[in-house]
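Let's take a walk through this protein, one stop at a time.

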Amino acid sequence: MTENTHLPCLFVDLEKIRHNTRLMVQRCHQSSIEVAAVVKLMRGSPEVAQVMREAGVDLLADSRLSNLARLVDLGLPRMLLRLPSPHQADEVVRHSEISLNSEAVTLRALSAAASRHGRQHRIVVMQDLGDLREGCFDEAETLELARLASSLPGLGLAGIGANLACYGGVAPSPENQQRLVDIAECIRRELACECPIVSGCNSAAAFMLLDGSLPAGINQLRLGASLLMGIGLNDEPIPGLVQDTVTLTVEVIELKDKPSVPINSTALDAFGHKPVFEDYGIRHRALCALGKQDVSFSELTPLDAGIRIVGGSSDHLILDLSDAARRYQVGDSISFSLSYGGVLACMTSDYVAKVFNREK
Ligand SMILES: *Cc1c(COP(=O)(O)O)cnc(C)c1O
């Protein structure tokens with residue numbers, strides 16, 4: 001951090017992300033699995049995507065078109081993860097080469113757009129394996145959409161895919177991953193068409209990759225959290241990967257000793273909730289320049305384990321420093337590790353600066 005770094009600031013360690021990506025790419029390629037590097041957590045940062053490209057990923061993926069538009073110069077195929085709306089069809093074929101889909105009306109719109117722009121757009125048809133977010137629940141519909149994707153002008157069938165562990169808490173398993181492989185086989189047999197990609201899952205499948213329980217035939221994983229934060233299913237650390245890739249640093253703007261219980265608290269707080277307090281006596285408290293509009297404080301963990309998050313409001317974070325490892329001054333900075341949701345929120349807050357450092 002330099003003298004004039006604007007705080008609050010999210011520091012992203014590109015070398016740690018490089019390490020994670022290299023290792024996961026190596027593990028995937030050993031099993032003939034290609035890596036779609038998911039950069040949505042980093043708001044489609046070209047700096048991060050560049051490091052991932054150098055580490056050998058096969059394509060770049062994001063759920064938002066505005067993020068994919070930032071990645072045009074990276075020279076890798078771009079995959080749109082969130083199902084496009086039919087109204088976005090022109091932007092979809094301009095900013096991505098592949099997209100995940102589950103609706104015939106959207107495929108027709110994409111076909112028309114691809115033809116208009118003289119492009120070829122490739123489709124991954126999504127099968128819902130029980131997590132109940134995107135995808136056809138019915139295999140017959142998946143087959144029908146695969147047939148449509150392989151026959152409409154301007155489109156091609158890239159393959160099929162499934163997502164898990166995002167809404168319904170359904171973990172990837174040898175059984176549900178095998179089901180996807182079987183559906184791909186069925187498409188190849190019944191439609192006599194190529195269905196090259198079987199895109200099994202997200203970072204939740206990292207543990208199956210490591211213990212060898214991912215069925216043969218799964219040949220793509222879409223990896224975000226594992227590359228960027230070293231975590232997999234249930235946010236558990238993945239062996240060999242580093243987790244402390246992102247740090248949030250904030251600035252102390254007030255230091256005072258105050259009681260832990262307000263004087264005659266009867267009203268609601270700034271967010272309309274009735275606050276409750278426990279009496280810990282007089283505490284040494286810091287007010288920091290970060291607010292609930294930037295990130296939910298439950299997503300933060302102080303790196304100094306003696307610091308406790310007390311609460312705050314839209315623009316203020318209140319910390320208890322009584323048991324902190326060292327003495328802080330006004331103007332000092334205090335750093336936190338973050339959950340996936342915390343990184344995401346800070347990344348999308350215009351009030352939080354971002355620094356992507358190559359070396360620490
Ligand atoms: C976000 C997303 C991913 C990546 O998930 P991670 O858990 O970050 O690896 C993969 N596929 C889809 C469809 C997604 O939306």
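Start with helix 2, which runs over residues 46-54. In this predicted model, the buried residues of helix 2 are Val-48, Ala-49, Val-51 and Met-52. Where do they sit around the axis of the helix? They cover an arc of only 160°, so they end up on the same side of helix 2.

And what do those buried residues pack against? There's quite a list: strand 1 (9-13), helix 1 (14-30), strand 2 (34-38), strand 3 (59-62), helix 9 (225-229) and strand 16 (353-357).

Now look at what comes on either side of helix 2. Just after the helix, Gly-56 takes a positive phi of about 100°. Is Arg-43 buried, partly exposed or exposed? Its relative accessibility is 34%, so it counts as partly exposed, given that this label covers values between 20% and 50%.

Another backbone detail of this kind turns up at Ala-192, again a residue other than glycine with a positive phi, this time near 50°. Ala-192 belongs to the loop between helix 7 (174-190) and strand 8 (197-199). With a relative accessible area of 70%, Ala-192 is exposed.

The peptide bond that links Leu-7 to Pro-8 is cis, and its omega is near 0°. Pro-8 itself lies in the segment before strand 1.

Next stop: helix 5, which spans residues 104-117 and holds Thr-106. Is Thr-106 buried or exposed? Thr-106 is buried, because its relative accessible area is 5%, and the cut-off for buried is under 20%. Which residues does Thr-106 touch, once you set aside its neighbours within four places in sequence? The contacts are Pro-84, Ser-85, Pro-86 and Asn-101.

For a contrast, go to the surface. Leu-132, Phe-137 and Tyr-167 make a nonpolar patch there, with an area of about 400 Å². One of the three, Phe-137, is found in the loop between strand 6 (121-126) and helix 6 (139-151). Phe-137 counts as exposed, since its relative accessible area is 57%.

Time to zoom out to the whole chain. Its secondary structure comes to 10 helices and 16 strands. Along the principal axes, the C-alpha atoms fill a box of roughly 75 × 40 × 40 Å. Of the 360 residues, 49% are buried. The accessible surface comes to about 16,400 Å², and carbon and sulfur atoms account for 50% of it. As for contacts between residues at least 6 apart in sequence, 64% of them join residues at least 24 apart.

Finally, a word on what the record says. An unreviewed UniProt entry places the feature "domain: Alanine racemase N-terminal" at residues 12-229.

How values were computed
Residues are numbered from 1 along each chain as its sequence is written. This is a predicted model: local features need pLDDT of at least 70, side-chain atom pairs count only at pLDDT 80 or more; totals for chains, interfaces and linings use all residues. Side-chain values use heavy atoms; hydrogens and water are left out. UniProt positions are given in the numbering used here, feature names are shortened, and annotations may be inferred rather than shown by experiment. Patches are made of residues with over 30% relative accessible area and no salt bridge: like charges are joined within 9 Å, nonpolar side chains (Val, Leu, Ile, Met, Phe, Trp, Tyr) within 5 Å. Accessible areas come from the Shrake-Rupley method with a 1.4 Å probe; for residues, only the protein chains shown count as cover. A salt bridge is a side-chain nitrogen of Lys or Arg within 4 Å of a carboxyl oxygen of Asp or Glu. Helices (H or I, at least four residues) and strands (E, at least two) are DSSP runs, numbered from the N terminus. Buried means under 20% relative accessible area, exposed over 50%, partly exposed in between (1.4 Å probe, protein chains only). Contact means heavy atoms within 4.5 Å. The arc is that of the directions from the helix axis to the C-beta atoms.
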